[in-house]
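Please look at the sequence and the structure shown below, and keep them in view while you read the briefing that follows. The notes are grouped by topic.

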Amino acid sequence: MSKELALFGAQPEFDSPLHVGQPNLGDRSRLQMRFDDILDRAWYSNNGIHLQRFEEAVADFCQVPYVLAVTNATLGLQIAVRALGLTGEVIVPSLTFVATAHCLEWEGVRPVFADIGPGTHNLDPQAVERAITPQTSGILPVHLWGRPCAVEAFEDLARRHGLHLLYDAAHALGSSHAGTPIGNFGEASILSFHATKMVNSFEGGAILLRDEALAEECRLLRNFGFAGKDRVISVGTNAKMHEFSAAMGLTSLEAFATFAEVNQNHYYQYCEEFAGLPGLKMVEMDPLEVPSMHYVVAIVDPAAGGLTRDDLLAVLEAENVLARRYFYPGCHRMAPYADRGPWDLPVTEDLLERVIQFPTGTALDSGHVHRIGQIVRKAFAQVDRVRAWRQRLEE
Ligand code: T4K
């Protein structure tokens, strides 16, 4: 505890940056064998063998009948929005990556932001019900941080109001609710396999579906509307995942249990490192519901601990710990949605000022987590000095 904080001019604790979202890599030699296999076969895209294996592996892992791998989750969402025929307005949270809103806007559908629960960070079903208008055609909740939404309440709402229901499950690979894997709720769920996700395919995503006809529609949309050689029966885009991504996704998915164990260990260690700090509270993760524990999320309470979330980010950044404030400033404050306000989102706006994510994943070991814990403790031990320093920098 003796070393001075780097914020005050000392050497940073870490020589190179620690990121939230540093990629995990599974078995490198297996991946290289798969790459060689792709090169040997000279089959790089368009429903190759690795894509088929990856889709089967995801379907098996998520226990859903239909999986379509796509180039990224954003295009997966757009395809699902179009396949479901969403129009008018769709209700979404604002505390999410902007793709949740943009996938609608891109398809000519207006995202309408409803507030979230203070403990769940997920869409509040009552706020969603209040936001329903005659123009509403669907609900698009996000399983934020991989924690499942109030799926029963949303199914009930969708049924009572005749609305479509699809989930942004970008964070939720491996998550389940009451024992049911997350892809089995609503009409479609979309995963992300972006490089920063626990399981990655460099870039990538997947649409999980239970209905064969809807899966077929999404399949057409993913591949220019081709229903066979030389036969196009509808408009479509190109959202096909290529073989190298599928090989990476497969290799990464095979290591899920290892990644999950690492993340769970980090999560529990962070809980211990931060124990007793009045200004910092870890967001609870249930390993049975969210085995990936892909995000380590905490809430900063300036009234209790004296530091703001952004004070803490500045302290950490000076030490080369690149913690994040996902998803500041919130979609409702971004273009083009900000101009459509005012939005009534008190819980969202409060959390956007106080939520913080810490580095995790295989790039870190328990020593890193301990040193991050020490930095945070040091910051809380000299609140007045940190505040004064930050104010001076801002002037
Ligand atoms: N819905 C939700 C709820 C989402 O969170 C996302 C994506 C989507 C939909 C859309 O999914 P995709 O269409 O992307 O499949 C990143 C990702 O780009 C994005 O995929 C992800 N959510 C979001 C939460 O995080 P940024 O803008 O924070 O990325 P960036 O470049 O700042 O990277 C994050 C950290 O990871 C950095 O500190 C650096 C590190 N990093 C990043 C990359 C790409 C590495 O160490 N290596 C790398 O290769 O959005």
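Helix H7 (212–222) and strand E11 (226–228) each give at least two residues to the lining of the second largest pocket, where helices (H or I, at least four residues) and strands (E, at least two) are DSSP runs numbered from the N terminus. This is a predicted model, in which local features need pLDDT of at least 70 and side-chain atom pairs count only at pLDDT 80 or more, while totals for chains, interfaces and linings use all residues. Residues are numbered from 1 along each chain as its sequence is written, and side-chain values use heavy atoms, with hydrogens and water left out.

**How the spaces are defined**

- On a 1 Å grid over the protein atoms alone, a cavity is a set of points where a 1.4 Å probe fits but cannot get out, whereas a pocket is an open set with protein on both sides within 12 Å along at least five of seven lines; a lining residue has an atom within 4 Å of a point.
- Grid points are joined across faces, edges and corners, and a volume is the space filled by probe spheres set on the points.

**The second largest pocket**

- The volume of the second largest pocket is about 250 Å³, and its lining is made of 14 residues, of which Asn 47, Arg 219, Arg 222, Asn 223 and Lys 240 lie nearest the centre.
- Helix H7 provides the largest share of this lining, with four residues.
- The lining of the second largest pocket consists of seven nonpolar, three polar and four charged residues; here Ala, Val, Leu, Ile, Met, Phe, Trp, Tyr, Cys and Pro count as nonpolar, Asp, Glu, Lys and Arg as charged, and the others, Gly among them, as polar.
- Asn 47, one of the residues nearest the centre of this pocket, lies in the loop between helix H1 (28–41) and helix H2 (49–62), and its phi is near 60°, a positive value in a residue other than glycine.

**The largest pocket**

- The largest pocket has a volume of about 420 Å³, and 25 residues line it, with Phe 97, Ser 192, His 194, Thr 196 and Lys 197 nearest its centre.
- The elements that contribute two or more residues to this lining are helix H3 (73–83) and helix H4 (99–106), and the largest share, three residues, comes from H3.
- By class, the lining of the largest pocket holds ten nonpolar, eleven polar and four charged residues.
- Because domain 1 (6–22 + 256–323 + 359–394) and domain 2 (28–254) both give residues to the lining, the largest pocket lies between them; the domain bounds come from an automatic or database domain assignment.

**The cavities**

- By the rule for cavities given above, there are two cavities of 30 Å³ or more.
- The largest cavity has a volume of about 100 Å³, and of the 13 residues that line it, Gly 21, Gln 22, Thr 196, His 294 and Thr 360 are the closest to its centre.
- Four nonpolar, eight polar and one charged residue make up the lining of the largest cavity, which draws at least three residues from each of domain 1 and domain 2.
- In the second largest cavity the lining has five nonpolar, four polar and one charged residues, and at least three come from each of domain 1 and domain 2.

**The ligand**

- Of the 26 residues around the ligand, Thr 74, Asp 168, His 171, Ser 192 and Tyr 326 come nearest, where a residue is near if one of its heavy atoms lies within 4 Å of the molecule.
- A polar side-chain atom of Asp 168 is 2.7 Å from a nitrogen atom of the ligand, while a polar side-chain atom of His 194 is 3.3 Å from an oxygen atom of the ligand.
- In Tyr 326, an N or O atom of the side chain lies 2.5 Å from an oxygen atom of the ligand.

**Cis peptide bonds**

- Tyr 326 is joined to Phe 327 by a cis peptide bond with omega about 0°, and Phe 327 sits in the loop between strand E15 (321–322) and helix H12 (346–354).
- The peptide bond from Ala 335 to Pro 336 is cis as well, with omega near 0°, and Pro 336 lies in the loop between E15 and H12.

Definitions and conventions
A polar contact is a pair of N or O atoms within 3.5 Å; within protein, one must be able to donate a hydrogen and the other to accept it, and residues adjacent in sequence count only if both atoms are side-chain atoms.
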